[in-house]
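Hi,

Here is the structure I said I would pass on. Have a look at it first, and my notes on what turned up follow below.

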Amino acid sequence: MDRRYLSVPRLQAYLEQYKLIGDDGIKTLLEVGKGPGIFESIVKSAGYDYISVDYDIYTRPDIVSDVTDLPIKDNSFDYVYCCQVLEHLTFDKFSKSLSELCRVAKSKVIIS
């Protein structure tokens, strides 16, 4: 893992994003853009049912896919978490990506 992912500011950002989920009994979470797996560790240790999506097979996601065409049924996850992904897309893919994130979410979409 790239040591930059373990910097104090980066770890604090993950914890702040985790706080957005809250503790309201909602337990299914989809992470779009798995990256190094730090958020996965946090939410799994908190007891969430977690699934990851990434286009990069080297991150070992549960589902290999692009954010613009998620192979997931509508309203499948209580939370959809997408961190440090959208800024890498071309502008023409942005709206479709937001629509896909909202489509698969039941409750909240968390974007950073």
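Let's start with Gly33, which touches Val53, Asp54, Cys83 and Val85, not counting residues up to four places away in sequence; contact here means heavy atoms within 4.5 Å. Gly33 is in the loop between strand 1 and helix 2. Helices (H or I, at least four residues) and strands (E, at least two) are DSSP runs, numbered from the N terminus. Gly33 is buried, at a relative accessible area of 17%. By the cut-offs, buried means under 20% relative accessible area, exposed over 50%, and partly exposed in between (1.4 Å probe, protein chains only). From Gly33 to Tyr50 it is 17 residues in sequence and 13 Å in space, C-alpha to C-alpha.

Some ground rules before you dig in. This is a predicted model, where local features need pLDDT of at least 70 and side-chain atom pairs count only at pLDDT 80 or more, while totals for chains, interfaces and linings use all residues. Residues are numbered from 1 along each chain as its sequence is written, and side-chain values use heavy atoms, with hydrogens and water left out.

Strand 1 (residues 28–32) runs parallel to strand 4 (residues 77–82), and 3 bridges join them. Glu31 has Tyr81 in strand 4 as its bridge partner.

Since 6 of the 6 residues of strand 4 are buried, strand 4 is largely enclosed by the rest of the structure.

Which residues of helix 2 are buried? They are Ile38, Phe39, Glu40, Ile42 and Val43, and their cover includes helix 1 (8–21), strand 1, strand 2 and strand 4. Just after helix 2, Gly47 takes a positive phi of about 95°.

Most residues other than glycine have a negative phi. Arg60, not a glycine, has a positive phi of about 55°; Arg60 is in the loop between strand 2 and strand 3 and is exposed, at 69% relative accessible area. Asn75, also not a glycine, has a positive phi of about 55°; Asn75 lies in the loop between strand 3 and strand 4 and is partly exposed at 45%.

On to charges. The count comes to 7 salt bridges, a salt bridge being a side-chain nitrogen of Lys or Arg within 4 Å of a carboxyl oxygen of Asp or Glu. One of them joins Asp74 and Arg103 (2.7 Å, N to O). That pair links distant parts of the chain, with Asp74 in the loop between strand 3 and strand 4 and Arg103 in helix 3, 29 residues apart. Both ends are partly exposed: Asp74 at 49% and Arg103 at 23%.

Arg103 also forms a salt bridge with Glu100, the closest N and O atoms being 2.9 Å apart. These two are 3 residues apart in helix 3, so about one helical turn separates them. Is Glu100 buried or exposed? Glu100 counts as buried, at 5% relative accessibility. Leaving aside neighbours within four places in sequence, Glu100 is in contact with Val67, Thr68, Asp69 and Leu70. Asp74, Lys96, Glu100 and Arg103 are linked in a network of salt bridges.

Elsewhere, Asp78 forms a salt bridge with Lys106, with the closest N and O atoms 3.9 Å apart. Asp78 lies in strand 4 and Lys106 in strand 5, so the pair ties together parts 28 residues apart in sequence. Asp78 is buried, at 14%.

Cheers

Methods:
Two strands pair if DSSP finds at least two bridges between them.
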